[in-house]
Amino acid sequence: MNVRSFFFTILFLFILLFNLAAVSFSGLNLSGDDRLLFNAEFEGRNTLFLSYLANMSIQQITAIPEKMYLVEDGKTILALSRFGAVKIPASGGLPSPLPGYPSFSQKNTPLKGSLQDIAASSDGRWFLYLEPVSYSYGNLILVDIASGAKKLVSEQLELPGAGFPVKWSPDSRLFVYSKGGRLFYFPIIDDLSVLIDERFRMIGSGEVSSVLWGQHGDFYYLTGRTLYRVINPELFTRTIYGDFLSIGNVVSILPFDFNPGFDRFWIAPDSVSILINKGSRGLFFFLLGENRNSDALPHVSIPYGAENFNVLWPSAGILTVNYSIANHVTSLRFEASANSIRPLTVRTSPSFPDGSLSPDGTRAAFWGEGGLELWDYVNWRLIQRLITNYPVFSCSWISNRQLITGSSKFIEEIDISSSAYTRRRISLSAADDYGFEDRGASRIFVKAGNEWFANSGTGTWSLITSVQLQQVSLSSDRFRVFLEPLTTGHFKNTIMIRNIQSIGTSSFTANFTANNAYLLGRQTQIALCFDLYDDDTGLPFVLSVLRKYNIKATFFLNGEFIRRNPAATTSIADAGHELGSMFYAPIDFSDTRYRVTREFISQGLARNEDEFYRTTGRELSMIWHPPFYRSSVLVNNIAADNGYITVARSIDPNDWISAEDTLRLSLRQITPAEIIENVMQNITASYIVPVRLGLIQSGRDEYLYQRINVLLDALIRSGYQIVPVSTVLGR
């Protein structure tokens, strides 16, 4: 192979590497009446589609319910996947695109990264979604589900770091949304055009985590140490024209501030108590009362690394909190009354933290990657493993005896009224095999698991035992189809359609529309590095997000952090991330109080290596950066003599600016959304982006790591590959 051929081979492989997350087509099968069955794969999800080549329309046949919502009292299912959002009648049938939502069947290119969530009203009339307009901002859109008509609710909301920034009232007459650290309400009235301006609909400071709706429709708002309650009957009639909180009551003054960026809370169904998860460090239980200063009952400490918290709180009986650490679920059970709470001994836990209670609170369903479990909630014991060998994404109760589950195989209804656990298939999630019915019939056959199902293109699926498929074909009297590989863009390949009766061949994806908020085609490697100076706040969340994205990053630690946070240090190493040195102590080398000598630098680096080894039994990577990235040629040369490569950041994101710094240094705190915009607009090849973890002593309104998934989405959707620092440095 000559040099030129070698260069283009390497270039092709490099381009292909960055195209791995693009849409891929396979399994073409063309019927005699010009219907094309094909499979589309994107980020590990497969979906079956049917295209009518005469008009190039697309019909979705299967739908993976990565998220699932029941609306209209359980009559309609809304299912979300990487390929868009669909409606499915609970009685059964094929999915149809959710009007107004950008879906593949409407020729919208899927977005990489996080799933684009929605917030649907329970009456099934409306849903909200965020339409990205830049790397870290989106417009909040209200959509009429029946017509697809759209209403712009608010512009330039920050794309969420966790959860969707909207909460609907149970009666679907109002929703609350967060923007710029403030909360606003939006009432559903007959003529939305006469609604007062957003600035007059502000509730106060906070995030969506600052509010929740009680079981009876009462509204709760927790700000600072004060918990407000607005009674449901007063809510709708007064908020259209009046101040939201003027009709509310103070029901508790807490002994500590509620931080909506880190804390979560739940209200008891009888509204007499509140449970607060304080930064995933401890659970606190308080009693409520009119204008009452609540005393904290004994709190429960939460082990390091706990995540995926799920609270089950029936109207009467026992409160349960589930969480997971390294895929192991722990359950905490409490007997709560109007004036006390007593912990209960728990001998077993479900396999998955995600779960929900039956309406009467006697049964609970838990689901996850390993299947679906049914539990006796009152006696806390496993009744039956209903699904054991494939993932279950979501589950909702429609009565005390029936639930609807969304798995990698089916969306189905399961009847738990008897030990038979009868099932009714509502829709198919994926196709293990498929084809057209033989002998000229128009039905489509799809195999899911070990069963075959038939559908004529409308109506419900029918289970069949005798399967006769047409031979797979790539041509008809009018068309011929084939796959053409692509090396750039949103698709790995495309379906080429040759009209035999005319001249020319067209690409199936030629008219697909991509979201223009992300510029594709840069295709280069960048590194994220996380700096840990003092405490480990934010680390469990960052590790969880990196795991979900399957990304390996670089973490820089100093010896004092390692000594104070051994569990945190070990968790980073166990996750397989690269760990570099940040000296033994967080010393500013530019400070004239320190005498920087060869011995001082060498000893500080060596002590950090030894501290890390004592804690983890592993060695640090031979990369480092001085604390706060303040260095000199002398410092770098001494580090090099000790075998270290000094890492320089490509950009200062200013995520370290505290409230005190804004006064002392006349600096402005830059929001995470602004930081992300700045990073993305200035990024170049081999870029190194630092992110500071932990709390800053004098405080910040919000930290960059709280929206780390937004930064990852921006990078991935723009074509960047995220790698450890050593990869960018060529080591």
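Guide: Two strands pair if DSSP finds at least two bridges between them. Strands (E, at least two residues) and helices (H or I, at least four) are DSSP runs, numbered from the N terminus. This is a predicted model, in which local features need pLDDT of at least 70, side-chain atom pairs count only at pLDDT 80 or more, and totals for chains, interfaces and linings use all residues. Residues are numbered from 1 along each chain as its sequence is written, and side-chain values use heavy atoms, with hydrogens and water left out.

Visitor: How many residues lie between strand 32 and strand 33 in their hairpin?

Guide: Four residues. Strand 32 (residues 392-397) runs antiparallel to strand 33, joined by five bridges, and C395 is opposite T405 of strand 33.

Visitor: Which residue of strand 34 stands opposite Q402?

Guide: D415 does. Strand 33 and strand 34 (residues 410-415) are also antiparallel, with five bridges, and their hairpin has two residues as its link.

Visitor: Why is strand 33 largely enclosed by the rest of the structure?

Guide: Buried means under 20% relative accessible area (1.4 Å probe, protein chains only). Strand 33 (residues 402-407) is largely enclosed because five of its six residues are buried.

Visitor: How are two packed helices described?

Guide: By the angle between their axes and the distance between the axes. Axes are lines fitted to C-alpha atoms, for helices over the stretch in contact (heavy atoms within 4.5 Å), and angles run from 0 to 180 degrees between N-to-C directions. Helix 3 (residues 539-549) packs on helix 10 (residues 708-717) at about 30°, with axes 10 Å apart. Helix 3 is therefore roughly parallel to helix 10 (angles under 35 degrees).

Key: Parallel < 35°, antiparallel > 145°, perpendicular 65-115°, else oblique. Buried < 20%, exposed > 50% of the residue type's maximum accessible area, 1.4 Å probe, protein only.
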